[in-house]
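Welcome! Take a look at the structure below, and then we will go through a few of its features together.

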Amino acid sequence: MDEIDRAILQELQTDGRIPYAELGPKVGLSPSAARQRLQRLIDGKVVQVVGVTDPVAMGRQAMALLGVRVDGDPRAVADELSRHQEVVYTVLTSGTFDMFVEVVCRRPSELLDFVNDVVRPVEGVTAVESFPYFGIHTHRFLWDVG
């Protein structure tokens, strides 16, 4: 990736639907050259263009990152938890927690029920710590592409 590729990605992070007619000039290219550059990044699996939903706009008011400790192989626990629609993602770690699980529910009571009735009973789960967050614009997907 060069500086122009990085500039394209930075513009897309700000507005993922920017027309090539605007994107090209912003990064010093023609619209068709910007389209070709982005297509090369997509074809090379460097970048993936996806839609990201806003949980609050979809009626989901209770969100939390769960730190989960596991006795045994955490991959089996991650696979089990990933089957539930409330789970946005799971990620294995090598720190204090064996994995993090992002969960989105309609109401705080559903979040509590999910932790107590779904996560804690999974075989191998030894501890769960919840880091709840609420409100609009809790997610920002702006990574440094440098």
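By the salt-bridge rule (a side-chain nitrogen of Lys or Arg within 4 Å of a carboxyl oxygen of Asp or Glu), the count comes to eight salt bridges. This is a predicted model, where local features need pLDDT of at least 70 and side-chain atom pairs count only at pLDDT 80 or more, while totals for chains, interfaces and linings use all residues. Residues are numbered from 1 along each chain as its sequence is written, and side-chain values use heavy atoms, leaving out hydrogens and water.

**A salt bridge in a helix**
- Glu 3 pairs with Arg 6 in a salt bridge whose closest N and O atoms are 3.4 Å apart.
- These two, Glu 3 and Arg 6, are three residues apart in helix H1, so about one helical turn separates them. Helices here are DSSP runs of H or I with at least four residues, numbered from the N terminus.

**Two helices that cross**
- Helix H1 (residues 3-14) and helix H3 (residues 31-43) have axes (lines fitted to C-alpha atoms over the stretch in contact, with angles from 0 to 180 degrees between N-to-C directions) that come within 10 Å and cross at roughly 90°.
- H1 and H3 are therefore roughly perpendicular (65 to 115 degrees) to each other.

Key. Parallel < 35°, antiparallel > 145°, perpendicular 65-115°, else oblique.
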